[in-house]
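This note sets out, point by point, how the secondary-structure elements and the chains are arranged. Please read it beside the coordinates.

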Amino acid sequence: MADAPLNADSAGTRLGQVGALNGRRNVSDEQLLSNLRAFIAPVATNAGAVTSDAEVLRLARDVSAVFADDSQPGGLTKAEVYAGVTARRGIQCDQGLFEARFTLFEALNLVQPYLAKKHQDRYVLNPAGLAGLLVVDRLGVHGGVDELMLLLDRARWVLERGTVDRAGVIEHLQSCRRLLSVYAANLERLVETAPLHELMAEQRQHEHHDIEGQVHALNRLVTDRFLADPELDDKAMGLIEAEQRYRRHLMAAVERVLDEGGNSLDFNVLSPEEYLTAAINAPLDALSEVGRHVVVDPPMPWTDAGALFEAIESYAPRRRIRQRPPEPPDADEPDPIALLRRQHDAELKRRRLAAENSLQGADEVELTSQLSLAGWPGAARILADLLVLHSSREQPFALDVGEMLLIDPEASVTYLHPVRLRRLDQPRGPDSAEAARTVGTNTEHPAYEDERR
Amino acid sequence: MNSSGMPTQRQAAVLLARIRAEGATAREVASTAVLAAAEQAAAHAGRQVVGCVAPVKAVPAGPSRAFRPALVLGWADGMAPSPEDDLGYQVRRFSTTQALAWAACLGLAWIDRSASPYPGEPFRGEDVVDLLADVGVPSTWVKAALNHDLPLAGLVASEGEWLRLGPAAAALPDVTVEALRRFHDRLPHPVGLAGRGHPTGVPHSNGTRASEEDAEW
């Protein structure tokens, strides 16, 4: 892995959560790459063997993911891998960087040709490379402490299954002891010399590990299986002593973090989860001590000039504008209002035609005899129609009803006044019935002659 | 040590705690020595003890709150926080109508731009309601702000039928006052002062005129 300048975005965010298992990271980019350098050191050929560019590591992760997720029979071509990386990121991948890294991956056997012959362009991923990325994940989450847990767990596993001989047990115990001793020495150094934030970062990596339980369980297994074996007893005791030393320095680290962090009121001493756990589970007396010497003001609203003038400038009163609900879609049901209007128009038209028929083109006509001949109730219908036309101001008709009363007991129309129909030059004006038509009522009223004049 | 038996430093701490808890504390509860010690302690924390006139009680069983010289906790020069600039923490803020009510109170009380806004002129609640009704603010919301939100924050204090700027207005940071002064003309103002119908300087219940001199001690 060639050197390249450390590449971070302008916002200072960690690039692509490199080394993150499930996207969660407890170490910074710098710490992760430092851990990687220490991790690779046993097999490195020079000090520049490990890149200092987090983008390089992210590209390796993306390439591995493409091979794992988009694998096809016969492998993938370089172009297909590039397209897969671009699709995963959602933006175009740096072509030059991709070409350079893919060439290196091929040289270091991370990607292997599908067929071992010249000029073939399809590749597969070496499983060892993917395993290496998983190790990087663990270095990114807990800085390598997980390796200690894995070592202890593996030692217990082989002992429980009886798949290891005495020499193998001794080797396992020694490996665990050495790792614990190194961690203990590192913690001792950090407690004595490291700045608070560095100590806090290191201390967090050792959280949530039951190393003490694992060591004691391993010790019991050794004692049970290899009874009265002084050498193994000695190795197991050495492991316990190493664990005690490790735990002692870890507690010293915690004490220093709490003392210095507490005095400086640095709330980053605890993680949000720890605050929540304390709030739920801690005793009331302990919680009441929190902030005992911290002075606070009552939580009054903060007033600043900018917010005040912004409220003045931007205020617009809320007006509730009532909007009609949307009209329902056209249904198959007939519109009763429209039907009434059509009927009204048809009736009016019929009356007008009847009146015109009576006038026969003249401007006025005497209708008394017509009414008499129409009988009853015909005369009533004719008269009613004529009265409607007379009362309608939009119709150019007027009906004059005389005061004289004509009585004929023998006729079908016994009582009759002289009736004369006149055509007017123009309608008298808007009809009140027209206005009422919009609400579907007919407000026409027959008007008598004395009222008209 | 003094007649109460408590060390002066301890009394100064109690005084500062009392001011924080009450919003404003009567000046007469603390001796000059205790006040000096409290000022010194406040300065260490970037605060300062500001004199004002506020409706406070001198003793717990004393008479109803009357305007008297009082103490409120303000910010030392250059030490006021600016949560509007620093997005690292959230603070509670007024709603739009509460802010408008406060702006209207400022506009009615702070007539002379060149002078300090506090103590300002007394004003009536209905003037605030009328002023904001012109811009469409519902009167119920304005009254709620005048009767509850602004007095609770110490920005407005009631003196009978009149209102005045409260002790929190006396403790406004200088930078806030300067910003308000710069845009003083944008504060809601009534059209002409003739219709306000109140004399300048409404007398306090103790008979002294409300003026900046009352705030000095």
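The points below take up conventions, helix pairs, sheets and the chain interface in turn.

1. The model is predicted, with local features requiring pLDDT of at least 70, side-chain atom pairs counting only at pLDDT 80 or more, and totals for chains, interfaces and linings using all residues. Residues are numbered from 1 along each chain as its sequence is written, chains are lettered from A and ligands numbered from 1 in the order in which they are written, and side-chain values use heavy atoms, with hydrogens and water left out.

2. In chain A, helix α3 (residues 78-89) packs against helix α4 (residues 95-107) at about 130°, the axes being 11 Å apart. Helices (H or I, at least four residues) and strands (E, at least two) are DSSP runs numbered from the N terminus; axes are lines fitted to C-alpha atoms, for helices over the stretch in contact, and angles run from 0 to 180 degrees between N-to-C directions. α3(A) and α4(A) are therefore oblique to each other (under 35 degrees counts as roughly parallel, over 145 as roughly antiparallel, 65 to 115 as roughly perpendicular and the rest as oblique). The residues that meet are A:Lys78, A:Val81, A:Tyr82 and A:Val85 from α3(A), and A:Gln95, A:Phe98, A:Glu99 and A:Phe102 from α4(A), contact meaning heavy atoms within 4.5 Å. This contact comprises 5 nonpolar, 1 polar and 2 charged residues (Ala, Val, Leu, Ile, Met, Phe, Trp, Tyr, Cys and Pro count as nonpolar, Asp, Glu, Lys and Arg as charged, and the others, Gly among them, as polar).

3. Helices α7 (residues 166-193) and α9 (residues 211-225) of chain A pack at about 155°, with axes 12 Å apart. That angle makes α7(A) roughly antiparallel to α9(A). On the α7(A) side, A:Val169, A:Leu173 and A:Leu180 meet A:Ile211, A:Val215, A:Leu218 and A:Val222 of α9(A). By class, the contact has 7 nonpolar, no polar and no charged residues.

4. Chain A also holds an open antiparallel sheet of 3 strands, ordered β4-β8-β5; two strands pair if DSSP finds at least two bridges between them. β4 and β5 of chain A are the edge strands, each pairing on one side only. Neighbouring strands are turned by 15° against each other on average, direction ignored. Strand β4 (residues 364-366) is joined to β8 (residues 419-423) by 3 bridges, and β5 (residues 397-401) is joined to β8(A) by 5. A:Arg422 in β8(A) stands opposite A:Glu364 and also opposite A:Ala398. Helix α16 (residues 378-391) of chain A packs on this sheet, touching β5 and β8, and its direction makes about 125° with that of β5(A).

5. In chain B, 3 strands form an open antiparallel sheet in the order β1-β3-β2. β1 (25-26) and β2 (47-56) of chain B are at the edges with a single partner strand each, so one side of each lacks a neighbour in the sheet. β2(B) pairs with β3 (residues 66-75) over 10 bridges, with B:Leu71 in β3(B) as the bridge partner of B:Gly51. Helix α1 (residues 8-22) of chain B lies across β1, β2 and β3, running at about 105° to β3(B).

6. How many residues of each chain are in contact across the interface? Chain B contributes 33 and chain A 20. The buried area is about 2300 Å², 68% of it from carbon and sulfur atoms; buried area is the accessible area (1.4 Å probe) that two parts lose on being put together, summed over both. B:Arg20, B:Arg92 and B:Arg186 supply 25% of the area that chain B buries against chain A, more than any other three residues.
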